[in-house]
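Hi everyone, thanks for coming. Have a look at the sequence and the model on the screen, and then I'll walk you through them.

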Amino acid sequence: MFKRFRRSRPYPGDYRDSAPWNQKQLPARLRELDIGAVDIRRHGLAGDVDQLRKRLKLSGACRATLVMTRVNDRPWGLICLDDE
């Protein structure tokens, strides 16, 4: 479901995943990547960032930027590991 790739980007870190937005699968994917803290960015989508962060219940060792946006008028998510 998620694609892994690298390319130049406007967001910090290394792209890890890009997929249609699926809030139910997101916590499991973040756990797989050992992500314990996220900076959530929204572009063109409604939603409460603080409420989403609480629902994720993160506990890993890495930091990431989670980008919520639209691609071809569909909700889309990007997971970008932060540069250390």
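I'll start with the sheet and then turn to the salt bridges.

A quick word on the source: this is a predicted model, where local features need pLDDT of at least 70, side-chain atom pairs count only at pLDDT 80 or more, and totals for chains, interfaces and linings use all residues. Residues are numbered from 1 along each chain as its sequence is written, and side-chain values use heavy atoms, leaving out hydrogens and water.

So, the sheet: it is open, with four strands in the order S1-S4-S3-S2 and mixed pairing. Strands here are DSSP runs of E, at least two residues, and helices are runs of H or I, at least four, numbered from the N terminus; two strands pair if DSSP finds at least two bridges between them. S1 (14-20) and S2 (35-42) stand at the edges with a single partner strand each, so one side of each has no neighbour in the sheet.

Now the salt bridges, meaning a Lys or Arg side-chain nitrogen within 4 Å of a carboxyl oxygen of Asp or Glu. Which residues are linked in a network of salt bridges? Asp17, Arg29 and Glu32. Aspartate 17 meets arginine 29 at 2.8 Å, N to O. Aspartate 17 lies in S1 and arginine 29 in helix H1 (residues 26-32), so this pair ties together parts 12 residues apart in sequence. Arginine 29 also meets glutamate 32, at 2.5 Å, N to O.

Both aspartate 17 and arginine 29 are buried, whereas glutamate 32 is exposed at 58% relative accessible area. Buried means under 20%, exposed over 50%, partly exposed in between, with a 1.4 Å probe and protein chains only.
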